[in-house]
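Take a moment to look over the sequence and the 3D view. Then follow the text from helix to helix and loop to loop.

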Amino acid sequence: MFVYTFENIGNIKNLKHSDSIKPKHLKKIKRVKEGLFANFDYSEFKSKQPPKNESLQTYNELKSLQKLPQDIQFVKDKDEISEVFERVCERYGVKYPTEMVEKLLTDSTGIILDLKYHYNRPRPGQLAKEYNMKLAEVILSSMKTPSYPSGHSTQGYLVGLYLAEKFDDEKLGKELISEAKAISKARNIGRAHYPTDSKIGEELGKKMFRFIKKDIENKL
């Protein structure tokens, strides 16, 4: 059992992912009022705080990640969101809407980054070191932003739901949503995200899809 001391509790409480916002990320955040989600209200997500670093919930989340089986190939296979869904469309013989999916991914990124830096939650691997806990991380280039919410969970559900709506095929739709879940789960298996990152990401992705669905004829 981990024992808190005066020194380590301070390190744990104060740990952040980043000391500053990367310029390339700041540019994307400044463009949140452009594109498909120009009028999307995500203010409610700025009050849905993640569990505190020093909380029992966060500690238990780290322990749950520690117990997950390692599957490096699975994690890598689910890292590129567009490619995951394109493979599904190819199996079903339907034309993959590359341009629209890329627009969904691009236009949603600023909102996700704004929330990530708003909370600045350290990645599991960062915090695990303070708890003297070993995590079998899969280090990917897509893990260089704060942890909460999970961008992969957000965009996985956003794109998966969009494609399911577009093709309106029950069997295909189920597989697309299954892939959205797999994309989200892979981030836990890779120890890139806490379960609460994934959960809030799923909520955000679903709300973003409902927003664009209102005007689906014009936007999609």
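How far apart are the end C-alpha atoms of H10, and what should its 19 residues span at 1.5 Å a residue? The end C-alpha atoms are 27 Å apart. A helix here is a DSSP run of H or I with at least four residues, numbered from the N terminus.

A word on the ground rules. This is a predicted model, in which local features need pLDDT of at least 70 and side-chain atom pairs count only at pLDDT 80 or more, while totals for chains, interfaces and linings use all residues. Residues are numbered from 1 along each chain as its sequence is written, and side-chain values use heavy atoms, with hydrogens and water left out.

Stay with H10. Its buried residues include Thr 196, Asp 197, Ser 198, Ile 200 and Gly 201. Leu 204, Gly 205, Met 208, Phe 209, Phe 211 and Ile 212 are buried too. Buried means under 20% relative accessible area, exposed means over 50%, and partly exposed lies in between (1.4 Å probe, protein chains only).

Pick out Ser 198. This residue lies in H10, which runs over residues 195-213. Ser 198 counts as buried because its relative accessibility is 6%. What does Ser 198 touch, leaving aside residues up to four places away in sequence? The partners are Ser 150, Ser 153, Ser 184, Asn 188 and His 193. Touching, or contact, means heavy atoms within 4.5 Å.

Now see how H10 packs against another helix. H6 covers residues 98-119. H6 and H10 pack at about 135°, with their axes 12 Å apart. Axes are lines fitted to C-alpha atoms, for helices over the stretch in contact, and angles run from 0 to 180 degrees between N-to-C directions. H6 and H10 are therefore oblique to each other. The cut-offs are these: under 35 degrees is roughly parallel, over 145 roughly antiparallel, 65 to 115 roughly perpendicular, and the rest oblique. The crossing of H6 and H10 is right-handed. Right-handed means that the near helix is turned clockwise from the far one by less than a right angle; left-handed means anticlockwise. From H6, the residues Leu 104, Ser 108, Ile 111, Ile 112 and Leu 115 meet Leu 204, Met 208 and Ile 212 of H10. By class, this contact has seven nonpolar residues, one polar and no charged. Nonpolar covers Ala, Val, Leu, Ile, Met, Phe, Trp, Tyr, Cys and Pro; charged covers Asp, Glu, Lys and Arg; the others, Gly among them, are polar.

Move on to H5, residues 81-92. Which way does H5 run against H9, residues 170-189? Their axes come within 10 Å and cross at roughly 155°. The crossing is right-handed. H5 brings Ile 81, Val 84, Phe 85, Val 88, Arg 91 and Tyr 92 to the contact. H9 brings Lys 171, Leu 172, Glu 175, Leu 176, Glu 179, Ala 180 and Ile 183. The classes are nine nonpolar, no polar and four charged.

H5 also meets H8. Their axes come within 10 Å and cross at roughly 25°. H5 and H8 are therefore roughly parallel. This crossing is right-handed. Ile 81, Phe 85 and Cys 89 of H5 meet a set in H8 that includes His 152, Gln 155, Val 159 and Phe 167. The contact has six nonpolar, four polar and no charged residues.

Within H9, look at Ala 182. Ala 182 is buried, at 15% relative accessible area. Its C-alpha atom is 9.0 Å from that of Phe 74, 108 residues away along the chain. Ala 182 touches Phe 74 and Lys 78, not counting residues up to four places away in sequence.

Finish with the loops. Most residues other than glycine have a negative phi, and most peptide bonds are trans. Asn 132 has a positive phi of about 55°. Asn 132 sits in the loop between H7 and H8 and is exposed at 72%. Asp 168 has a positive phi of about 50°. Asp 168 lies in the loop between H8 and H9 and is exposed at 67%. A cis peptide bond joins Tyr 148 and Pro 149, with omega about 0°.

Key
Helix = DSSP H or I, 4+ residues; strand = E, 2+ residues; numbered from the N terminus. Expected span 1.5 Å × (residues − 1).
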